[in-house]
Amino acid sequence: MMNRDGSGIREVSKLYAFATSWDWKRKGVVYTSAGPDFSSESTKVDIVSINVDDEDLSHNYKTLTKGGANNAFPSPSPDGKWVVENPGGGSFEMLKIHPNGTGLQKVIQSGTGGRTNHPWLSPDGKQIVFTSDYAGVSAEPISNPHHYQPYGEIFVINADGSGLQRLTHNSFEDGTPTWSPKYIGPPTNAEWP
């Protein structure tokens, strides 16, 4: 962790962590994926919450998911009630859980062997944007040999699992979507090359 100007660098966890996000309500709490990144579906990765103000790095975290079924990319809701995660196990599904580790609920499941990844809750906590191959892959992976995972179309869904909408349709990997704090219109003076 460090200040915005790069000063004050300090270690807040001994865990190998990636894809972190701050809790909106709990001061000093960050959610992260703990385990090796970008490995096979059998990788042991779990969602943890870390108290960055606790100096005891061996006990400053709480594991929210169990079993390490490639649970990754946590996103907390602005009201502090939920964290969404994506567990593996052949096909990736998206679930939400309370920060205390209770109330696990499925939001959406991808197709058999499919992918539903990179969820991010909207600023009002009512919708989740994510990447998935839910509608199938738009092009054969062989036609995009330089893509790490050619499954990405961006979707949005209500936090209760209703109202699924597809936002993109192309052969590229559209990944790790997020929300802007406010609407930014398209530029009026931009030209295509």
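User: Which residue forms a salt bridge with Glu153?

Analyst: This is a predicted model: local features need pLDDT of at least 70, side-chain atom pairs count only at pLDDT 80 or more, and totals for chains, interfaces and linings use all residues. Residues are numbered from 1 along each chain as its sequence is written, and side-chain values use heavy atoms, with hydrogens and water left out. A salt bridge is a side-chain nitrogen of Lys or Arg within 4 Å of a carboxyl oxygen of Asp or Glu. For Glu153, the closest N and O atoms are 3.7 Å apart, and the partner is Arg166.

User: How many residues apart in sequence are the parts that Glu153 and Arg166 tie together?

Analyst: Strands (E, at least two residues) are DSSP runs, numbered from the N terminus. Glu153 lies in strand S11 (residues 153–158) and Arg166 in strand S12 (residues 165–166), so the parts tied together are apart in sequence by 13 residues.

User: Is Glu153 buried or exposed?

Analyst: Buried means under 20% relative accessible area, exposed over 50%, and partly exposed in between (1.4 Å probe, protein chains only). Glu153 has a relative accessible area of 3%.

User: How many salt bridges does the structure hold?

Analyst: Side chains of opposite charge can pair when their charged atoms come close. The structure's number of salt bridges is four.

User: What is the distance between the closest N and O atoms of Arg26 and Asp23?

Analyst: Arg26, at 34% relative accessibility, counts as partly exposed. Asp23 is buried, with a relative accessible area of 8%. The two form a salt bridge, and their closest N and O atoms are apart by 2.8 Å.

User: Why is the pair of Phe18 and Phe73 edge-to-face?

Analyst: Rings of Phe, Tyr and Trp (its six-membered ring) pair if their centres lie within 6.5 Å; planes under 30 degrees apart count as stacked, over 60 as edge-to-face and the rest as tilted. The structure holds two aromatic pairs. In one of them, Phe18 and Phe73 have ring centres 6.0 Å apart, and the pair is edge-to-face because the planes stand at 80°.

User: What is the angle between the planes of Phe130 and Phe155?

Analyst: Phe130 is buried at a relative accessible area of 0%, and Phe155 is buried at 3%. Their rings form a stacked aromatic pair, 5.8 Å centre to centre, with an angle between the planes of 15°.

User: Over the ring of which residue does the charged end of Lys96 sit?

Analyst: A charge sits over a ring if NZ of Lys or CZ of Arg is within 6 Å of the ring centre and within 35 degrees of the ring normal. The charged end of Lys96 is 4.5 Å from the centre of the ring, and that ring belongs to Trp82.

User: The backbone nitrogen of which residue does the side chain of His118 reach?

Analyst: His118 lies in strand S9 (residues 116–121). At 8% relative accessibility, His118 counts as buried. A polar contact is a pair of N or O atoms within 3.5 Å; within protein, one must be able to donate a hydrogen and the other to accept it, and residues adjacent in sequence count only if both atoms are side-chain atoms. The side chain of His118 makes such a contact at 3.2 Å, reaching the backbone nitrogen of Thr176.

Note on methods:
Helix = DSSP H or I, 4+ residues; strand = E, 2+ residues; numbered from the N terminus.
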